[in-house]
Protein chains: 2
Amino acid sequence: MMNRSLVYVVGLGPGGAQYLTAQAQTALQAADVLCGYTVYIDLVRPLYPDKEVYATGMTREIDRCRWALETAKSGKIVALVCSGDAGVYGMASPLLELAEHCPEVEVEIVPGLTAALSGAAVLGAPLAHDFCVISLSDRLTPWAVIEKRLACAAAGDFCLALYNPSSKGRADYLQKAVRILRDNGKDPDTACGLVRCIGRDGQTARLLTLAELEDTAVDMFTTVFVGNAATQILQDRMVTPRGYRGV
Amino acid sequence: MMNRSLVYVVGLGPGGAQYLTAQAQTALQAADVLCGYTVYIDLVRPLYPDKEVYATGMTREIDRCRWALETAKSGKIVALVCSGDAGVYGMASPLLELAEHCPEVEVEIVPGLTAALSGAAVLGAPLAHDFCVISLSDRLTPWAVIEKRLACAAAGDFCLALYNPSSKGRADYLQKAVRILRDNGKDPDTACGLVRCIGRDGQTARLLTLAELEDTAVDMFTTVFVGNAATQILQDRMVTPRGYRGV
């Protein structure tokens, strides 16, 4: 019998074992080898200490996808791991693009808790109405596209989760983003929240206004939440109403 | 010693046990009583057959929140369950609004896989770039607000996940939504996908163009995905590129 050629693309959630779904645990257990960015492999390796691993550094995403597909072709089951969800700025997309040339390899996407959800739970319910997820990283996306999306999100009074709000060389991107939101209709008093190191040791959270956010430095481990016009702070929680009467 | 007054608001994901996170399992196990919409209680009751349950019908959300808070005050730990995520159109928001008047009750939000993530994994990677989640239900939101958000999402070339695309009395809302997307810049050839009964018996998926979506009837068990200008269909998967070169 032929071996099955199979790559699981597994969303780990924020990292700790408690955020894994049962489906993700099953896929990791079934895999012969775990493949991913070094930091994410380090999160999951303690749970599966006997697995073979293939870990490479940041910006090596395409290499990891190619390695995963070639290794699957050789008959090993590969779990390509991502933090958060497999699809949201994760590896499912490049893996499926490359898998077009490997029709013999089966690909199964295993979803996970993206930071918009896990971070929102820390703050309360900031994304309880229509929302946008936007990455401020211009490594793969022209800044003009990001600007346009920020403007449209503000014009539509969406709640927002902003990913990759900062990194080396992009210290002022969040400030620029906040200005675009304000220029396109977000009130400076809009309720906002920051969650750093979601679900990991040293997790911190902070509530602030959009005007305060403009003057706040964040790092790459932070996810930024911006409310809509109705979002409130209630007992130190950020809560976007769904619109029920009589609440 | 005083009993602890505690409500967990637990996102179950699509429903099956495999989509529960370990954190959600722990919360459900710790609870004295499970409270929720009858359909969701039925999903989770088989896993915890010995738990007390309080299940009520659709549109009884506020009653359930009040019951959860009152029951927690009496010293029982309550798990208020939601399908998908606790925060995304879930019960975290109304519960936290009402909990403002019950400062003695501790509230812990337990995130779960919302349909945008679990449905995306079925289709491939449709939400791999900036995306919006919009509900087409006008039960709690004026239709004019929904229209405006659809227009802004299209103008920003966001990927979209559309929730509640149809129900009794709203058979033509998806059609209206598609027209708004097209009028605001979405190409009729934009790749789209439908997933019905995500993660449940009888799950089905379908890929189609935005023009075809306009002429397609869906029901309330369906989540609709609309790509951005770069979204492709590759080997029967809906894939939004992240923008890597050399893929």
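Buried means under 20% relative accessible area, exposed over 50%, and partly exposed in between, with a 1.4 Å probe and protein chains only. This is a predicted model, in which local features need pLDDT of at least 70 and side-chain atom pairs count only at pLDDT 80 or more, while totals for chains, interfaces and linings use all residues. Residues are numbered from 1 along each chain as its sequence is written, chains are lettered from A in the order in which they are written, and side-chain values use heavy atoms, with hydrogens and water left out.

**View 1. Glu61(A) forms a salt bridge with Arg139(A).** A salt bridge here is a side-chain nitrogen of Lys or Arg within 4 Å of a carboxyl oxygen of Asp or Glu. The closest N and O atoms of this pair are 2.9 Å apart. Glu61(A) sits in helix H3 (residues 61-73) of chain A, and its partner Arg139(A) in the loop between strand S7 (131-135) and helix H6 (143-155), 78 residues apart. Helices (H or I, at least four residues) and strands (E, at least two) are DSSP runs, numbered from the N terminus. With a relative accessible area of 8%, Glu61(A) is buried, whereas Arg139(A) is partly exposed at 45%.

**View 2. Arg196(A) and Asp219(A) are joined by a salt bridge.** Their closest N and O atoms lie 2.6 Å apart. Arg196(A) belongs to strand S9 (residues 191-196) of chain A and Asp219(A) to the loop between H8 and S11 of chain A, so the bridge ties together parts 23 residues apart in sequence. Both ends are partly exposed: Arg196(A) at 31% and Asp219(A) at 24%.

**View 3. Helices H3 and H4 of chain B pack against each other.** H3 (residues 61-73) and H4 (residues 92-99) meet at an angle of about 55 degrees, with their axes 9 Å apart. That makes H3(B) oblique to H4(B); angles under 35 degrees count as roughly parallel, over 145 as roughly antiparallel, 65 to 115 as roughly perpendicular and the rest as oblique.

**View 4. Helix H5 of chain B is largely enclosed by the rest of the structure.** Eight of the nine residues in this helix (residues 115-123) are buried, among them Ala115(B), Leu117(B), Gly119(B) and Leu123(B). After H5(B) comes Gly124(B), with a positive phi near 140 degrees.

**View 5. A network of salt bridges links Asp130(A), Asp157(A), Lys186(A) and Arg149(B).** For context, the structure holds 24 salt bridges over all chains.

Notes: Axes are lines fitted to C-alpha atoms, for helices over the stretch in contact, and angles run from 0 to 180 degrees between N-to-C directions.
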